[in-house]
Amino acid sequence: RSTAPTTPQLTADPDHRYDPFPPTDVQRAYWIGRTDTFALGGVGCHFYTEYDGRDIDLDRLTEVLNTLVGRHEMLRARFLPDGDQQILPEVPRFEIRTVDAAPGEDETELRAQRDAMSHQVLDPGRWPLFDVRAVRYGDRRVRLAVSIDSILIDALSAMILMRELDTLYRRPDADLPPIGLSFRDYVLTAQPDPQRLDASRRYWSQRVEVLPDGPQLPLAVDPAEVKQPRFVRREQHLPQRQWQRLRDQARRHGVTGSALLATAFAEVLGAWSAQPDLTVNVTLFDRRDVHPDVDRVLGDFTSLLLVGYQPEPQESWLDATRRMQRQMGRDLEHSDVSAVWVMRELARRRGHLDVSMPVVFTSTLGVTDDVVVEPSFAERVWGVSQTPQVWLDHQVVERDGGVSLVWDAVEELFA
């Protein structure tokens, strides 16, 4: 009998597309996390980016945005008081709020826009769960600010959105391919095979017995004392030549770029942690291949994987990286069980509720081919992301042939 995984084919249900439907485990965590019930809560999970360009046509951009709101259902979504989500059939026209900076007031207006938007907590019960604003300043320059709540769409969806926005801005009459399913269809019908799910639960039930705690980093304050978490970004870019040499070297040893960077991150965390053994929360963008149009749908397809790093004495760096890659591979084979389920199992086994895995590794390597990260009409100049209950999120994004290494961290936590 074949043991190959069976991929269920998605059933589209357009007649019920506006009926409420449940959130994913990750969406529910984001929904709960924006309350201040938990330490480092009270923040919306969102990503904020500023783009700067000259002679950006804001009227044309407004038309493009409204076209995309009509095209993508999750850009018309809201959340109900019980945590379910609902796609609205129609929404008001979206307008880009625009300020014209007076002479000498450029920096004041740009700062005011960033202060207003970079740490927004959007009300999940009200449309829209995104915001776009602009400041016209200087010599025909425009600073565009874009804030999107991650409860709506994940990072890969944001890149798809940016690609389509760029296409329509350059060619307003461009014919985008139709989308034959909704995120609601996916959530309700793209369920894992029951046998695979049982196997994954058995795997993680054993795995939690040896899974290390999250990194025990030196903190300046107790996370519970941080009333309004503010994330600060640090970023370094490895240029194409350097990144290509690194990847070529890794490939010669049978190591992927993601495994290389994840191991380097775990090593750095371990150097500062009270214990070198630690678990990192790894973000996955694993849309199930259940429909020809699934890669065009916007939604929060994010799932999380708890990956333990347990270095061995006298182990070489290469051996550690290979072992990390093997462990991630085994974990990925059993990713039908969500990290939220694993966390609950950990809490049950350890007899306390405050199990936390607050350090995140997010790699988009290999999933961003042909995906626009920034528009052709403007340059990305600043950004930050925030996530409830997270201390530090390390994001890896390929840009201009090289790779950007981004850390978004709650500044107040660390000395």
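Begin by selecting E164: at 5% relative accessibility this residue is buried, a term that stands for under 20% relative accessible area, with exposed meaning over 50% and partly exposed the range in between (1.4 Å probe, protein chains only). The model is predicted, so that local features need pLDDT of at least 70 and side-chain atom pairs count only at pLDDT 80 or more, while totals for chains, interfaces and linings use all residues. Residues are numbered from 1 along each chain as its sequence is written, and side-chain values use heavy atoms, with hydrogens and water left out.

**From E164 to R71**

Because R71 lies in helix α2 (residues 58-71) and E164 in helix α4 (residues 155-170), the pair ties together parts that are 93 residues apart in sequence. Helices (H or I, at least four residues) and strands (E, at least two) are DSSP runs, numbered from the N terminus. The salt-bridge count comes to 32.

**Strands β1 and β6**

Next, select D52 and R141, whose side chains form a salt bridge (2.8 Å, N to O). This pair links distant parts of the chain, 89 residues apart: D52 belongs to strand β1 (residues 46-54) and R141 to strand β6 (residues 141-149). D52 is buried, at 8% relative accessibility, whereas R141 is partly exposed, at 30%.

Then turn to R54 and D139, a salt bridge in which the closest N and O atoms are 2.9 Å apart. R54 is in strand β1, and D139 is in the loop between β5 (130-137) and β6, 85 residues apart. R54 is partly exposed, with a relative accessible area of 41%, and D139 is also partly exposed, at 47%.

**Helices α6 and α10**

Display helix α6 (residues 194-207) with helix α10 (residues 339-350). Their axes come within 10 Å and cross at roughly 40°; these axes are lines fitted to C-alpha atoms over the stretch in contact, and angles run from 0 to 180 degrees between N-to-C directions. The two helices are therefore oblique to each other, since angles under 35 degrees count as roughly parallel, over 145 as roughly antiparallel, 65 to 115 as roughly perpendicular and the rest as oblique.

**Helix α8**

Finally, select W272 in helix α8 (residues 257-272). W272 is exposed, with a relative accessible area of 61%.

How values were computed: A salt bridge is a side-chain nitrogen of Lys or Arg within 4 Å of a carboxyl oxygen of Asp or Glu.
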